[in-house]
Amino acid sequence: MTGSQVLTHRIEGEGPPVVLLNGGMMTFPSWEAVAAPLRARYRLLRFDFRGQLLSPAVAPEGIPPDLAGHAADLAALLDRVGWQSAHFVGASFG
């Protein structure tokens, strides 16, 4: 895993893995209306990107403060939770 910070996240539900990617002005609880019905069939990963409400704003050493850095943060989080693959659902920035 690159860097030492962990993005604030929540994993819930059972089934194939799905990652919900926030829009720029969102936080992971904003997905609740979408997440509630999905939890019965999917294992959901919701998180705040670096600098969003609940995740640290400062980038770990070696991760750039740009879109590539956010992708690296997500890859590190997926490694940390042990997910090799997932479906992705995003809103705007996500």
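Modeller: In this predicted model, the protein exposes about 5,200 Å², and carbon and sulfur atoms supply 57% of that area.

Colleague: What makes up the secondary structure of the protein, and in which pattern does it follow along the sequence?

Modeller: The secondary structure comes to 2 helices and 4 strands, and when it is read along the sequence the pattern is β-β-α-β-α-β. Buried residues make up 34% of the 94 residues in the protein.

Colleague: Why is the pair of Glu-12 and Arg-39 called a salt bridge?

Modeller: The name asks for a side-chain nitrogen of Lys or Arg within 4 Å of a carboxyl oxygen of Asp or Glu. The side chains of Glu-12 and Arg-39 meet at 3.3 Å, N to O, and a pair within 4 Å is therefore counted as a salt bridge. By this rule the count comes to 6 salt bridges.

Colleague: What does the pair of Glu-12 and Arg-39 tie together?

Modeller: Glu-12 lies in strand S1 (residues 9–12), while Arg-39 lies in the loop between helix H1 (32–38) and strand S3 (43–47), so the pair ties together parts that are 27 residues apart in sequence.

Colleague: Which residue forms a salt bridge with Glu-12 at 2.6 Å?

Modeller: That residue is Arg-46, whose closest N and O atoms with Glu-12 are 2.6 Å apart. This pair links distant parts of the chain, with Glu-12 in strand S1 and Arg-46 in strand S3, 34 residues apart. Arg-46 counts as buried, at 1% relative accessibility.

Colleague: What makes Glu-32 part of one network with Glu-12, Arg-39 and Arg-46?

Modeller: Glu-32 forms a salt bridge with Arg-46, and the closest N and O atoms are 3.1 Å apart. Here too the pair links distant parts of the chain, since Glu-32 is in helix H1 and Arg-46 in strand S3, 14 residues apart. Glu-32 counts as partly exposed, at 32% relative accessibility. Salt bridges that share partners join Glu-12, Glu-32, Arg-39 and Arg-46 into one network.

Colleague: Which residues make up the largest nonpolar core?

Modeller: There are 10 residues in all, namely Leu-7, Val-19, Leu-21, Leu-45, Phe-47, Phe-49, Leu-74, Leu-77, Leu-78 and Trp-83. Strand S2 (17–21), strand S3 and helix H2 (67–81) each supply at least two residues of this core, and H2 gives the most, with 3 residues. Apart from it lies another core, of 5 residues, among them Val-18, Leu-20, Ala-35 and Leu-44.

Colleague: Which residues does Phe-47 touch, not counting residues up to four places away in sequence?

Modeller: Phe-47 touches Leu-7, Thr-8, His-9, Val-19, Leu-20, Leu-21, Asn-22, Phe-28, Leu-74 and Leu-77. Across the protein, among contacts between residues at least 6 apart in sequence, 74% join residues at least 24 apart.

Conventions: Residues numbered from 1 in each chain as written. Predicted model: local features only at pLDDT ≥ 70, side-chain atom pairs only at ≥ 80, totals over all residues. Heavy atoms only, no water. Buried < 20%, exposed > 50% of the residue type's maximum accessible area, 1.4 Å probe, protein only. Core = buried A, V, L, I, M, F, W, Y, C linked by side-chain atoms within 4.5 Å. Contact = heavy atoms within 4.5 Å. Areas by Shrake-Rupley, 256 points an atom, 1.4 Å probe, with all protein chains shown as cover.
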